[in-house]
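Let's learn to read a protein model together, one feature at a time. Have a look at the picture first, and then we'll talk.

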Amino acid sequence: MNLSIFGFGALWSPWFFGFVMFVTFVFFWVTVFLPSRYGREALITRKQGVYFVVAMITLYAVKGSPVDLFGHIMFSAHMTQMAILYLIIPPLLIRSIPNALWMYVFQVKWLNKFFRFFTKPIMALLLFNVVFSVYHIPMIFDAVKISPSLHITYTIVLFMLAMFMWWPLWNTYSEEQQLTGIKKVGYIFASGVLLTPACALIIFADTPLYGTYSNFTMWTQAMALCVSEDALAGLNLTGPELFNTMPLVDDQQLGGVLMKIIQEVVYGIILAKIFFEWFRKETEKEGDPILSYDSNKLVEE
């Protein structure tokens, strides 16, 4: 059966699209257009602008496009959505927001204290991974999925915790560099280990864990998060199997595997970048010769 039966609003979330466009407009107004009005240079670089646009497009893709609706039908789509939302978008946003804006944030006393408390490396690491793991306890997962207020609250809180988790590892604000060198490598490995139990619970379960994907009543309640009740009432639905022929357990296990694979790929890319940056700085600090390419040959400077 085709997803188009749920209607344009459920598939493309016009209100969320409007929200993303508004946030994008405000960001570029503050960082580019407003400074230009006073004869000042833009606060962001071209690379930061690209990072922000990519983050916004990705955010809409996972929360406003048919991917969001599909995430209520297939657990594997839901886990892919979670991985992108919490492991890919936050580092893009952190690198896209200029240090000048971060400086204004840290000048607000209560925000400064709040931010510094929740971005302490151990605190940030534990909070995100614990809250993420608790979310996937079946009883809590189903309760959140069928309650609009709980779902919105949990999504926002988890996204903020993901930003806090990425901050010590990925920020470029000199006054907030909390981790350097080998500590960043250890931070990544610790994060990977802490997320493993939740993924293992899902991957090795031999029965469906979540009623919102296996129980018709709970599934329709969860679908009401993105499809109007009137539209659902007018459809002759029997369950997610109308759109997903994969057995529930296989879909569930695939979701756990995809979450872990995406995490490993993202962390691997970040780890490689951190390692080479750390190695370069250590080499420069020790005053070792630097090799550079001169026309057709390598010469030692």
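Q: Let's begin with helix H5. Why is H5 described as largely enclosed by the rest of the structure?
A: Helices (H or I, at least four residues) and strands (E, at least two) are DSSP runs, numbered from the N terminus. In H5, twelve of the 13 residues are buried, so the rest of the structure largely encloses this helix. Among those buried residues are Phe-75, His-78, Met-82 and Tyr-86.

Q: Before we go on, what kind of model is this?
A: It's a predicted model, where local features need pLDDT of at least 70, side-chain atom pairs count only at pLDDT 80 or more, and totals for chains, interfaces and linings use all residues. Residues are numbered from 1 along each chain as its sequence is written, and side-chain values use heavy atoms, with hydrogens and water left out.

Q: How many helices and strands does the protein have?
A: You'll find 16 helices and two strands. The C-alpha trace spans about 75 × 50 × 50 Å along its principal axes. Of the 301 residues in the protein, 43% are buried.

Q: Back to H5: what span should its 13 residues have?
A: The expected span of a helix is 1.5 Å times one less than its number of residues. For H5 (residues 75–87) that gives 18 Å, and the end C-alpha atoms are 18 Å apart, which agrees.

Q: How do I read a salt bridge, and how many does the structure hold?
A: The general idea is that side chains of opposite charge can pair when their charged atoms come close. The cut-off is a side-chain nitrogen of Lys or Arg within 4 Å of a carboxyl oxygen of Asp or Glu. The structure holds two of them. In one, Asp-68 pairs with Lys-63, and their closest N and O atoms are 3.9 Å apart. Asp-68 is buried, with a relative accessible area of 11%, and Lys-63 is buried too, at 17%.

Q: And how far apart are the closest N and O atoms of Glu-264 and Lys-260?
A: They sit 3.5 Å apart, and the two residues form a salt bridge. Glu-264 and Lys-260 are four residues apart in helix H16 (residues 248–286), so about one helical turn separates them. Glu-264 counts as partly exposed because its relative accessibility is 43%, whereas Lys-260 counts as buried at 17%.

Q: How many disulfides does a search of the whole structure find?
A: A disulfide is a covalent bond between the sulfur atoms of two cysteines. To count here, a pair of cysteine sulfur atoms must be within 2.5 Å. The search finds zero. As for individual cysteines, Cys-199 counts as buried at 2% relative accessibility, and Cys-226 counts as buried at 18%.

Q: What does the side chain of Asn-171 contact?
A: A polar contact is a pair of N or O atoms within 3.5 Å; within protein, one must be able to donate a hydrogen and the other to accept it, and residues adjacent in sequence count only if both atoms are side-chain atoms. A polar atom of the Asn-171 side chain lies 2.7 Å from the backbone oxygen of Trp-167. The backbone nitrogen of Tyr-173 is 3.0 Å from a polar atom of that side chain. You'll find Asn-171 in the loop between helix H11 (148–170) and helix H12 (182–203), and at 2% relative accessibility Asn-171 counts as buried.

Q: What about phi: what's the value for Ser-13?
A: Most residues other than glycine have a negative phi, and most peptide bonds are trans. Phi of Ser-13 is near 40°, a positive value in a residue other than glycine. Ser-13 lies in the loop between helix H1 (8–12) and H2, and its 16% relative accessibility makes Ser-13 count as buried.

Q: Last one: where is Trp-29 found?
A: Look at helix H2 (residues 14–37). Trp-29 counts as partly exposed because its relative accessibility is 31%.

How values were computed
Buried < 20%, exposed > 50% of the residue type's maximum accessible area, 1.4 Å probe, protein only.
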